[in-house]
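The sequence and the model are shown first, and selected features are then described in turn.

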Amino acid sequence: MTRAASLLVDIGNSRVKLGLWREGQLAATLACTHAQMMDAAAGQFDPLTALGTAAGRLDAAWAVSVGHARLNEALQAWCSAQGLALHWWLKDELPAGFVNAYRAPTLGADRLLAAIAAWAIAGRGNEALVIASFGTATTVDTVAAGRYEGGMIAPGIALMLDSLSAGTAHLPRVPAESLQLDARAKTTPEAIAAGVAAAQRGLIDQALQAARSATGCEPNLYVSGGAAVGAAGILPAHTLLPHAVLQGLGVVRDSAQR
Ligand SMILES: Nc1ncnc2c1ncn2[C@@H]1O[C@H](COP(=O)(O)OP(=O)(O)O)[C@@H](O)[C@H]1O
Ligand SMILES: CC(C)(COP(=O)(O)O)[C@@H](O)C(=O)NCCC(=O)O
């Protein structure tokens with residue numbers, strides 16, 4: 001018989017990501033819109049069918065959120081309707097060997113979980129790594145010797161492109177897919193694509209350089225988030241973690257239950 005899985009939920013600023021965590025790995029994943037999350041609470045959308053499971057086959061739901069309270073309330077209502085215990089991960093349950101050095105309690109749980117996922121995948125060792133998440137915001141964080149060192153928050157790719165067209169009289173909204181590094185771009189759309197590409201790439205280069213200087217070692221780069229695949233062409237060598245936040249949530253769930 002298949003052992004019970006846990007449902008993992010990551011409420012972000014653009015989408016809600018769900019995953020089934022079974023025997024130390026993600027067995028299935030799903031990305032929903034915020035509207036679908038509200039529909040789920042109203043009984044008009046069933047994320048479990050989309051994930052290929054049923055509430056009776058789940059032991060609990062583990063969730064994190066950096067989103068609006070109404071989405072958190074919708075998740076709570078939906079879990080109650082399913083008879084599913086909901087555990088909000090509040091950044092205090094950390095795996096053995098991992099330390100959080102961020103000073104502020106306002107740290108986004110998604111940033112910390114993505115860092116935990118990258119650290120776990122890297123072997124939970126002493127190496128330095130940089131984890132970049134290309135979501136609504138672009139966040140670029142560093143882990144060194146199992147210590148989350150913090151990082152940077154910048155507008156995400158879509159936000160940068162949106163703000164240039166919304167905040168000017170003549171600049172077009174350029175598609176995110178057109179980003180390329182070109183310091184001598186010769187058309188307006190290409191110049192925008194090049195400017196945003198360089199800004200995003202600069203965050204990565206800065207984090208890698210700081211990690212190199214601080215540790216004397218070459219840090220590995222991990223990349224995550226909905227816009228990560230599209231950004232791959234403007235990034236240095238990296239490992240793609242398509243579901244870093246969910247993966248991190250699975251790691252903390254397992255370490256809490258040991
Ligand atoms: N197929 C896609 N569906 C949704 N968002 C996408 C897609 N491809 C790229 N994106 C970009 O990814 C971002 C959402 O990524 P995600 O990691 O879900 O963000 P968040 O965690 O902030 O909700 C959006 O800003 C969007 O621009
Ligand atoms: C930086 C973020 C907005 C990123 O959110 P996302 O793009 O993943 O939806 C989120 O992690 C957040 O609200 N952080 C709180 C501030 C902090 O991390 O210090």
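## Annotated binding-site residues

In an unreviewed entry, UniProt lists Tyr102, Gly108, Ala109, Asp110, Arg111 and Thr188 under "binding site". The structure on which these positions are examined here is a predicted model. The listed residues span 87 residues in sequence, and the farthest two of their C-alpha atoms lie 39.8 Å apart, so they do not all gather at one spot. Of the annotated residues, Tyr102, Gly108, Asp110 and Arg111 are included in the lining of the largest pocket.

Two of the annotated residues may be described individually. Arginine 111 is located in helix α4. Its relative accessibility is 5%, and because residues under 20% are classed as buried, arginine 111 counts as buried. When neighbours within four places in sequence are left aside, arginine 111 is in contact with Tyr102, Thr139, Asp141, Tyr148, Gly150, Gly151, Met152 and Ile153. Among these contacts is Tyr102, which the UniProt entry also lists for the binding site.

Threonine 188 belongs to helix α6, which comprises residues 188–215. Its relative accessibility of 43% places threonine 188 in the partly exposed class. Not counting residues up to four places away in sequence, threonine 188 touches Leu171 and Pro172.

## Aromatic pairs

Two aromatic pairs are found in a search of the whole structure. In the pair formed by tyrosine 102 and tyrosine 148, the ring centres are 6.1 Å apart and the planes stand at 45°, so the pair is tilted. The pair links distant parts of the chain, its members being 46 residues apart. Tyrosine 102 lies in the loop between β6 (99–100) and α4 (109–121), whereas tyrosine 148 lies in strand β9 (residues 147–155).

How accessible is tyrosine 102? With a relative accessibility of 27%, tyrosine 102 is partly exposed. Tyrosine 148, in turn, has a relative accessible area of 0% and is buried.

## Strand β4 and its parallel partners

Strand β4 comprises residues 58–65; six of its eight residues are buried, so the strand is largely enclosed by the rest of the structure. Strand β1 (residues 5–11) runs parallel to β4 and is joined to it by seven bridges. Within this pairing, isoleucine 11 stands opposite serine 65 of β4.

β4 also pairs with strand β5 (residues 86–88), again in the parallel sense, over three bridges. Here alanine 63 is opposite tryptophan 88 of β5.

Which strand pairs with β1 in the antiparallel sense? Strand β2 (residues 15–22) does so, over six bridges. The bridge partner of aspartate 10 in β2 is lysine 17. The two strands, β1 and β2, are joined by a hairpin through three residues.

β2 is in turn joined to strand β3 (residues 25–33) by eight bridges, and these two strands run antiparallel. Lysine 17 stands opposite alanine 31 in β3. A hairpin with two residues between the strands is formed by β2 and β3, and glutamate 23 in its turn has a positive phi of about 50°.

Note on methods. Residues numbered from 1 in each chain as written. Chains lettered and ligands numbered in written order. Predicted model: local features only at pLDDT ≥ 70, side-chain atom pairs only at ≥ 80, totals over all residues. Heavy atoms only, no water. Phe/Tyr/Trp six-rings, centres within 6.5 Å; stacked < 30°, edge-to-face > 60°. Helix = DSSP H or I, 4+ residues; strand = E, 2+ residues; numbered from the N terminus. Buried < 20%, exposed > 50% of the residue type's maximum accessible area, 1.4 Å probe, protein only. Pairing = 2+ DSSP bridges. UniProt positions renumbered as here; feature names shortened; annotations may be inferred. 1 Å grid on protein atoms, 1.4 Å probe; cavity = no way out; pocket = protein on both sides within 12 Å on 5 of 7 lines; lining within 4 Å. Contact = heavy atoms within 4.5 Å.
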